[in-house]
2 protein chains.
Amino acid sequence: MNKIITIGREFGSGGRELGRLLAEKLQFAYYDKEIISEIANRTELSEQYIQSVVEHRPINLFPIHTGQSFYAYAMPNPLFEQNQEIYAQQNKIIHEMAERSDCVIVGRCADYILRDYNPFRIFVYADMSSKIKRCREKGEDPENLTDKALKKKIYDVDKERAKYYNTYTDHVWGDKKSYDLCINTTYMELEEVAEALTKMIFVK
Amino acid sequence: MNKIITIGREFGSGGRELGRLLAEKLQFAYYDKEIISEIANRTELSEQYIQSVVEHRPINLFPIHTGQSFYAYAMPNPLFEQNQEIYAQQNKIIHEMAERSDCVIVGRCADYILRDYNPFRIFVYADMSSKIKRCREKGEDPENLTDKALKKKIYDVDKERAKYYNTYTDHVWGDKKSYDLCINTTYMELEEVAEALTKMIFVK
């Protein structure tokens with residue numbers, strides 16, 4: 001069975017970069033936004049739309065207040081079906097990736113989707129001040145937000161990630177019990193962490 | 001400044017053993033129950049008594065219901081003073097250990113007490129089934145408890161550790177934010193984890 005590393009991460013913690021470095025060092029395939037592109041290829045939906053679906057908790061698909069509840073449940077709902085198709089494709093693509101070769105997969109509940117592959121499940125996090133600094137350095141703040149506004153953005157992105165993960169898995173996003181290793185990048189250089197991790201991930 | 005590694009751990013997760021292995025591999029000093037023995041030497045109190053004090057949240061030192069609250073607060077309380085002496089000695093001894101050489105320190109809020117030394121703060125945890133299995137294998141269940149009773153014991157020990165840590169620090173015991181690395185030992189061999197960690201701890 002191929003060796004699979006999954007990476008969950010707080011926004012601005014450097015999780016994506018750590019995953020890329022780790023994949024380079026181990027010569028593993030690396031999948032992140034490639035999953036979105038592949039879903040777009042297969043469904044003919046735009047990458048932007050797919051991104052908006054897979055990074056948010058499923059919307060309430062039926063009207064809450066309706067005098068015609070039978071109608072609401074019985075009629076086909078195109079949006080619901082489209083979203084289900086996106087999730088199904090994502091699931092399929094992630095399984096194909098795991099079958100193809102050793103790989104690092106960032107986000108997308110891959111730790112849960114691939115639980116039968118015994119993945120090494122990493123979660124990357126950091127102090128808020130460190131995340132704000134990293135966002136500014138890495139250009140992930142194109143709007144040049146105030147510290148307060150950037151903090152809110154970081155909080156909101158993670159809130160959506162948590163909702164998505166907690167809806168589609170029976171684990172809790174960011175709870176250490178859901179992972180094999182949780183790494184606080186606040187005081188660490190990612191390059192060095194990745195190098196050290198090349199030993200760690202073969203322990204499981 | 002000496003390199004300090006601190007280890008917080010859930011009961012039965014193998015944290016103490018991991019610390020000992022890591023210290024051996026790095027040729028660092030290792031401190032665990034040695035701290036209790038040293039306090040006993042300096043205070044002439046029994047090790048058993050000191051253990052009971054430092055592993056529990058401070059007791060309520062003043063009567064809750066009293067018609068003489070002035071008396072209760074104003075009078076010396078020998079138990080309170082004795083406990084304070086134990087905490088003060090523990091703090092002093094841990095600082096002396098950190099000054100003496102590179103070392104691994106298990107428990108005792110050492111991560112917080114030595115925060116100015118920039119320690120590498122590890123937290124070790126595991127699934128309950130794994131902790132039960134380890135307790136039985138390591139003879140930490142001399143009473144041969146049922147699974148249910150052993151689970152309760154594990155839960156109770158950790159509850160006391162959490163209360164103690166949360167009282168004496170401004171961090172939260174077991175919350176990943178309080179540590180640099182959290183390791184789930186459920187599916188891992190401690191010997192191999194310790195070997196891989198010898199690289200990781202120099203990253204910070």
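The side chain of A:N2 has a polar atom 3.0 Å from the backbone oxygen of A:E99. The side chain of A:N2 also reaches the backbone oxygen of A:A98, at 2.9 Å. Please note that this is a predicted model, in which local features need pLDDT of at least 70, side-chain atom pairs count only at pLDDT 80 or more, and totals for chains, interfaces and linings use all residues. Residues are numbered from 1 along each chain as its sequence is written, chains are lettered from A and ligands numbered from 1 in the order in which they are written, and side-chain values use heavy atoms, with hydrogens and water left out.

Where does A:N2 sit in chain A? A:N2 belongs to the segment before strand 1 (4–9), a strand being a DSSP run of E with at least two residues, numbered from the N terminus. Beyond its neighbours within four places in sequence, A:N2 is in contact with A:A98, A:E99, A:R100, A:S101 and A:D102, where contact means heavy atoms within 4.5 Å. A:C103 is 101 residues from A:N2 in sequence, while their C-alpha atoms are 7.8 Å apart.

Let us turn to chain B. Most residues other than glycine have a negative phi. B:E44, which is not a glycine, has a positive phi of about 65 degrees. B:R108, also not a glycine, has a positive phi of about 60 degrees.

Conventions. Helices (H or I, at least four residues) and strands (E, at least two) are DSSP runs, numbered from the N terminus. A polar contact is a pair of N or O atoms within 3.5 Å; within protein, one must be able to donate a hydrogen and the other to accept it, and residues adjacent in sequence count only if both atoms are side-chain atoms.
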